[in-house]
Amino acid sequence: MPIDATLPYDETNVFARILRGEIPARRVYEDEHALAFHDLNPQAPVHILVIPKGAYVSWDDFSERAPDAEIAGFVRAIGHVARAQGLVAPGYRLLANAGMNSGQEVPHLHIHLFGGCPLGPMLAR
Ligand code: AMP
């Protein structure tokens, strides 16, 4: 069910629970600002989610409210994960759903990192 990304942050969302260690995740990277883990339902041979540690509903919320250090740290973490996964030479795709029209389901900002095969057209037609 797509979420309304204009609602306040919900501390009970699944990624908040992963950050608190309440539910498991196949973690691949963690630093001061970000956590990366494998998507539970992968859509490509490599499908990793990178999330900021701060409480942000969506890209809109993050880009408006996050301090510059958190934004820089998060962006660098995404690049680091892509390099560490060996995705730079073959190529990869980043995707962030934000709000109803995108189909965003989890109300904590996450960047999908896809790779491992040719990824096809950008949008389903
Ligand atoms: P979105 O539609 O952009 O909100 O994507 C949410 C993503 O979170 C989907 O690709 C789900 O497969 C993934 N997901 C949901 N729950 C978990 C979980 N517990 N661990 C890892 N990935 C999850």
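**A chat about the fold, cores and salt bridges**

Author: The protein chain has three helices and five strands (DSSP runs numbered from the N terminus, H or I of at least four residues for helices, E of at least two for strands). This is a predicted model, where local features need pLDDT of at least 70, side-chain atom pairs count only at pLDDT 80 or more, and totals for chains, interfaces and linings use all residues. Residues are numbered from 1 along each chain as its sequence is written, and side-chain values use heavy atoms, with hydrogens and water left out.

Reader: What pattern does the protein chain follow along the sequence?

Author: The pattern is α-β-β-β-α-α-β-β.

Reader: And what is the radius of gyration of the protein chain?

Author: It is 14 Å, which agrees with the value near 14 Å for a compact globule of 125 residues. The radius is taken over C-alpha atoms, and the globule rule is 2.2 Å times the number of residues to the power 0.38. Along its principal axes the C-alpha trace spans about 40 × 35 × 30 Å.

Reader: How much of the protein chain is buried?

Author: Buried residues are 38% of the 125. Buried means under 20% relative accessible area, exposed over 50%, and partly exposed in between, with a 1.4 Å probe and protein chains only.

Reader: Which residues touch the most other members of the largest nonpolar core?

Author: Ile48, Val50, Phe62, Phe74, Leu109 and Leu113 do, out of 17 residues in that core. Strand E2 (34-38), strand E3 (46-52), H3 and strand E5 (111-115) each supply at least two residues of this core. H3 gives the most, with five residues. A nonpolar core here is a set of buried Ala, Val, Leu, Ile, Met, Phe, Trp, Tyr and Cys residues joined through side-chain atoms within 4.5 Å.

Reader: What does Val50 touch?

Author: Leaving out residues up to four places away in sequence, Val50 touches Ala34, Leu35, Ala36, Phe74, Ile78, Leu109, His110 and Ile111. Contact means heavy atoms within 4.5 Å. Leu35 also belongs to a second, separate core of seven residues, which includes Phe15, Ile18 and Val106.

Reader: Switching to His112. Is it buried or exposed?

Author: His112 counts as buried because its relative accessibility is 10%. His112 sits in strand E5. Its contacts, again without residues up to four places away in sequence, include Asp39, His47, Arg93 and Asn97.

Reader: Now charges. How many salt bridges does the count come to?

Author: Six, where a salt bridge is a side-chain nitrogen of Lys or Arg within 4 Å of a carboxyl oxygen of Asp or Glu.

Reader: Which residues are linked in a network of salt bridges?

Author: Glu11, Arg17, Arg20 and Glu22 are. Arg20 pairs with Glu22 at 2.7 Å, N to O, and with Glu11, where the closest N and O atoms are 3.7 Å apart. Arg17 meets Glu22 at 3.4 Å.

Reader: How does Glu11 count in terms of accessibility?

Author: Glu11 counts as partly exposed because its relative accessibility is 48%. Arg20 is also partly exposed, at 43%.

Reader: Last one. Which residues form a nonpolar patch on the surface?

Author: Val88, Tyr92 and Leu94 do, with about 270 Å² of accessible area together. Val88 is in the loop between helix H3 (68-84) and strand E4 (92-95). Patches are made of residues with over 30% relative accessible area and no salt bridge, like charges being joined within 9 Å and nonpolar side chains (Val, Leu, Ile, Met, Phe, Trp, Tyr) within 5 Å. Accessible areas come from the Shrake-Rupley method with a 1.4 Å probe, and for residues only the protein chains shown count as cover.
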